[in-house]
Amino acid sequence: MMDYNDSHALFSGEQLIYAITIPLSTAIILANLAIILGIAWNRQLHNTPNYFFLSLLVADLSTGVALPFIPLMGLNRELSFSSCMVAHIFPNFLFLAFLFNLVMVHNERYICIVDPLHYNNLWMHRNFPLALLAVWAPPLLYASLPAFGWNNWTGPDWNGCCASSQNTMPLSNCSTNNTTCCSYRRVFPNAFIYLEVYGLVLPAILTIAGMTGRVLWITRGQLKDICRLHRSVERGSQASDQEQKLNLRYTRCVVAVSLTFLACWVPYLIYMHVCIGFLISDTKRSSTVHIVLSCMGIGSMAVVPLVLGLANRQYTEPAYKLLQKLRDRWRGRTQGSEEVAV
């Protein structure tokens, strides 16, 4: 059994995780539900592009539900083999499915801007179920590889695997019972982690960044063409008020995209490379630092679909109308109570 110091360190780590992730997870779930209901209620949004975005919202909602459990994978706990596999594989599957859906949505919108003539003839539009399978099945298959044998569960030496990251003693059962200690090192081999990070996650993030930059570059070129045509019609050499408004709107768009990338992607990239650095050096991670980085990194990345959804008024219009009705009813009740009091 664990002694008092071990159990106290484990519970303090879990409490820190729940304190950070529960409010963030609740906000992500509620925001996704509001956007999903907005798409479901508006029949004009029932088309293939919005179905892709709806799949992304479902993946993001699932990531929000699993958000408190993802940082727990960094803690060593006493679980059986099956429970340990589920505790690590299922959150990893939801995270990878979210990432695949995010790439699919960005790719679909990227092609719409870059090649609009062939947009409606895309294979993902003709075979929507196949496209949906392509963003959910590969993450499930890859995340399930440890359950099919690609793991370190039968490693030669796990005497210190349940030692906490705050200089506590290892669990007494770790050296005698191979099914007691549940650690991410026992579930995910180093090769599995490297392949996921540098073969799946990082290329996906770079692909999204590349497509976004390409879209901004194309938009800038189109904006210059519009301004050139506008000047030729107006026969003036100076920029008009309309051109200044267009340039200002484009600048705001670039600033918004840059801030979104810095706020949503940079924390996760920092967390990912810090974890890889600890893995390479085989250094025990500081529990507090690892917990904060993992919670903020995963949480900030899960905000990306919400930024895309909340920026579209068609998605948020039903929720806005509902809030407006509730506000009007509340004002009517307060005014009625005041009149009765007078």
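Which residues in α2 meet which residues in α5? In this predicted model, Thr48, Tyr51, Phe52, Ser55 and Ala59 in α2 meet Phe128, Ala131, Leu132 and Trp136 in α5. The residues of this contact divide into seven nonpolar, two polar and no charged.

**The chain as a whole**

- The secondary structure of the chain consists of 12 helices and two strands.
- Read from the N terminus, the elements follow the order α-α-β-α-α-α-β-α-α-α-α-α-α-α.
- The chain has 342 residues, of which 39% count as buried.
- Among the contacts in the chain with a separation of 6 or more, 80% are made by residues 24 or more positions apart.

**Packing of α2 with α5**

- Helix α2 comprises residues 48-66, and its axis comes within 11 Å of the axis of α5.
- The two axes cross at roughly 25°; an angle under 35 degrees counts as roughly parallel, and α2 and α5 are therefore roughly parallel to each other.
- The crossing of α2 and α5 is right-handed.

**Packing of α3 with α5**

- Helix α3 spans residues 81-114 and helix α5 spans residues 128-143; their axes lie 8 Å apart.
- The angle between α3 and α5 is about 150°; angles over 145 degrees count as roughly antiparallel, and these two helices are therefore roughly antiparallel to each other.
- The crossing in which α3 passes α5 is right-handed.
- On the α3 side, the contact is made by Ile89, Asn92, Phe93, Leu96, Ala97, Phe100, Asn101 and Met104.
- On the α5 side, the contributing residues are Ala131, Ala134, Val135, Trp136, Pro138, Pro139, Leu140, Tyr142 and Ala143.
- By residue class, the contact of α3 with α5 comprises 15 nonpolar, two polar and no charged residues.
- Ala131 and Trp136 of α5 meet residues in α2 and also residues in α3.

**Position of Ser80**

- Ser80 lies in the loop between β1 (77-78) and α3.
- The relative accessibility of Ser80 is 36%, so this residue counts as partly exposed.
- Ser80 and Cys181 are 101 residues apart along the chain, and their C-alpha atoms are separated by 7.9 Å.

Methods
Residues are numbered from 1 along each chain as its sequence is written. This is a predicted model: local features need pLDDT of at least 70, side-chain atom pairs count only at pLDDT 80 or more; totals for chains, interfaces and linings use all residues. Side-chain values use heavy atoms; hydrogens and water are left out. Axes are lines fitted to C-alpha atoms, for helices over the stretch in contact, and angles run from 0 to 180 degrees between N-to-C directions. Helices (H or I, at least four residues) and strands (E, at least two) are DSSP runs, numbered from the N terminus. Angles under 35 degrees count as roughly parallel, over 145 as roughly antiparallel, 65 to 115 as roughly perpendicular and the rest as oblique. A crossing is left-handed if the near helix is turned anticlockwise from the far one by less than a right angle, and right-handed if clockwise. Contact means heavy atoms within 4.5 Å. Ala, Val, Leu, Ile, Met, Phe, Trp, Tyr, Cys and Pro count as nonpolar, Asp, Glu, Lys and Arg as charged, and the others, Gly among them, as polar. Buried means under 20% relative accessible area, exposed over 50%, partly exposed in between (1.4 Å probe, protein chains only).
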